[in-house]
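Dear colleague,

Please find below the structure I promised to pass on to you. My notes on what was found in it follow directly after.

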Amino acid sequence: MLKTVRSFLLVSACAVGGPAFSQDAKLSLELNSASDVEGACRLSFLVQSGFGTDITSLVFETVVFTSDAQVERLTLFDFQSVPAGRPRVRQFDLSGTSCSGVGSILINGVETCNGDALTPDACQTALNLSTRTNIGVDG
């Protein structure tokens, strides 16, 4: 009897735990624009969480490739917080680089993805990448 009660309590606790995210949940990341600004290439990204919960901290490990497909730099892009269902724009300056020299960007991985029941793996799986520029984005 005690074993049955423990099993019931365990199943009940799991059922009311953190939010379950649908297989259709998306984390959209769009390279919206790239422009040369004061000796740097400024990349503007549009990011939106489709998880139904706020992302309190989001950091991507990012690789920037030259137009000759050589690694120009490996860096972290800190997108800070992303409220659920509300788009946010984040900008990053690649100092000493012109946008014409950037061939593509690789989202190498999700370094940090914090929020209610969120993990870097959940964000990586849900990641949906796009670009409105001539710079390719892959992940």
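Is Cys-99 buried or exposed? With a relative accessible area of 11%, Cys-99 is buried. Please keep in mind throughout that this is a predicted model.

**Disulfides**

The structure contains two disulfides. In one of them, Cys-99 is bonded to Cys-41, with 2.1 Å between the sulfur atoms. Cys-41 lies in strand S2 (residues 40-49), whereas Cys-99 lies in the loop between strand S5 (88-95) and S6, so the bond ties together parts that are 58 residues apart in sequence. The torsion about the S-S bond is about 100 degrees, and the disulfide of Cys-41 and Cys-99 is therefore right-handed. Cys-41 is buried as well, its relative accessible area being 0%.

Cys-113 and Cys-123 form a disulfide too, and here the sulfur atoms are 1.8 Å apart. This pair links strand S6, which holds Cys-113, to helix H2 (residues 120-126), which holds Cys-123; the two cysteines are ten residues apart. Both Cys-113 and Cys-123 are buried. When the bonded cysteines are counted along the chain, the disulfides follow the pattern 1-2, 3-4.

**The four-stranded sheet**

Strand S6 also belongs to an open sheet of four strands, arranged in the order S4-S3-S6-S8 with mixed pairing. At the edges stand strand S4 (71-82) and strand S8 (136-138); each has a single partner strand, so one side of each is left without a neighbour in the sheet. On average, and with direction ignored, neighbouring strands of this sheet are turned by 25 degrees against each other. Strand S6 (residues 102-115) pairs with S8 in the parallel sense over three bridges. Leu-106 stands opposite Asp-138 in S8.

**The nonpolar core**

The largest nonpolar core comprises 29 residues. Leu-27, Leu-43, Phe-45, Leu-58, Phe-60 and Phe-79 are those with the most contacts inside this core. The elements that contribute two or more residues to the core are strand S1 (27-37), S2, strand S3 (55-66), S4, S5, S6 and H2. Strand S6 supplies the largest share, namely five residues.

Leaving aside neighbours within four places in sequence, Phe-79 is in contact with Leu-29, Phe-45, Val-47, Leu-58, Phe-60, Arg-90 and Phe-92.

With kind regards

Notes. Residues numbered from 1 in each chain as written. Predicted model: local features only at pLDDT ≥ 70, side-chain atom pairs only at ≥ 80, totals over all residues. Heavy atoms only, no water. Pairing = 2+ DSSP bridges. Axes fitted to C-alpha atoms, helices over the stretch in contact; angles between N-to-C directions. Disulfide = S-S within 2.5 Å. Buried < 20%, exposed > 50% of the residue type's maximum accessible area, 1.4 Å probe, protein only. Core = buried A, V, L, I, M, F, W, Y, C linked by side-chain atoms within 4.5 Å. Contact = heavy atoms within 4.5 Å.
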